[in-house]
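Colleague: Thanks for sitting down with me. Could we walk through this one together, beginning with the charged side chains?

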Amino acid sequence: MQYIILYRGDASDAKFKSWIKNNPTARARIVDNRLTLPDYQALGLFQLSWVEEWNLTVIWDSWQRRHIVIE
């Protein structure tokens, strides 16, 4: 299972790198300016600790083939 996070705001790569540095247990990686999370536990950590704008953040669940909406 894998989750792909896309941030449509400025400096997404730098913000993802900062998030990975602050949350090393997530085992996340950046591929083509997208943050990939390996499992549901990492996604939960992301949802709790992401401080950027949610209206610019898109989460894709590659297993269920659906977008996850955070309001």
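Predicted model: local features only at pLDDT ≥ 70, side-chain atom pairs only at ≥ 80, totals over all residues.

Colleague: Which helix holds both Asp13 and Lys17?

Modeller: The side chains of Asp13 and Lys17 meet in a salt bridge, with N to O at 3.3 Å. The two residues are 4 apart, about one turn of the helix. The element that holds both of them is helix H1, residues 12–22.

Colleague: Where does Glu52 lie, and where does its partner Lys15 lie?

Modeller: Glu52 and Lys15 form a salt bridge, their closest N and O atoms being 3.3 Å apart. This pair links distant parts of the chain, 37 residues apart. Lys15 lies in helix H1, and Glu52 in the loop between helix H2 (40–49) and strand E4 (57–61).

Colleague: Is Asp61 buried or exposed?

Modeller: Asp61 forms a salt bridge with Arg66, the closest N and O atoms being 3.7 Å apart. Arg66 has 42% relative accessibility, so this residue counts as partly exposed. Buried means under 20% relative accessible area. Asp61 has 2%, so the answer is buried.

Colleague: And in what order do the elements of the protein chain run?

Modeller: There are 2 helices and 5 strands in the protein chain. The radius of gyration is 11 Å, close to the 11 Å that the globule rule gives for 71 residues, so the chain is as compact as a globular protein of that length. From the N terminus on, the order is β-α-β-β-α-β-β.

Key: Residues numbered from 1 in each chain as written. Heavy atoms only, no water. Rg over C-alpha atoms; globule rule 2.2 N^0.38 Å. Salt bridge = Lys/Arg side-chain N within 4 Å of Asp/Glu carboxyl O. Buried < 20%, exposed > 50% of the residue type's maximum accessible area, 1.4 Å probe, protein only.
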